[in-house]
Amino acid sequence: YWGGLHTEGGLIVRQMRGAGVQATLIDSALIVYERFVAPLSAEEKDEYYAGAQIMSRVLGIEERHIPPSRAAFEEYLDDMLAGEVLTVGASGREVAQ
């Protein structure tokens, strides 16, 4: 449950869990940081990922969906991006135009 003024946040968090949005947020944060702040060492990326694992658990993501290491996480992302699970639908194409 997401408390506070916006109780609809609970539904959003539940939908995000099911859609694997956490993985996108983890990856995007690293990309943005390195692009606009500074490059990160492998150790710093590992430390960030360890913190992201904790946040994933706080958000209620099942342990079986949390890769055990940053290397395993990157492999998961590569597989998702190369596979057929993620697709661009008509609405996505429309927004891109």
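Okay, a quick definition to start: helices here are DSSP runs of H or I, at least four residues long, numbered from the N terminus.

What you're looking at is a predicted model, where local features need pLDDT of at least 70 and side-chain atom pairs count only at pLDDT 80 or more, while totals for chains, interfaces and linings use all residues. Residues are numbered from 1 along each chain as its sequence is written, and side-chain values use heavy atoms, with hydrogens and water left out.

Now, salt bridges. I mean a side-chain nitrogen of Lys or Arg within 4 Å of a carboxyl oxygen of Asp or Glu. How many salt bridges do we get by this rule? Five.

Let's look at arginine 70. Its side chain meets aspartate 46 in a salt bridge, at 2.7 Å from N to O. Arginine 70 sits in helix α4 and aspartate 46 in helix α3, so this pair ties together parts that are 24 residues apart in sequence.

Arginine 70 also makes a salt bridge with glutamate 74, again 2.7 Å, N to O. Those two both lie in helix α4, four residues apart, which is about one turn of the helix. Through shared partners, Asp46, Arg70 and Glu74 end up in one network.

Is arginine 70 buried or exposed? Buried means under 20% relative accessible area, exposed over 50%, and partly exposed in between, with a 1.4 Å probe and protein chains only. Arginine 70 is buried, at 13%. Aspartate 46, at 39%, is partly exposed, and so is glutamate 74, at 35%.

One more pair: glutamate 34 bridges to lysine 45, with their closest N and O atoms 3.6 Å apart. That one links helix α2 to helix α3.
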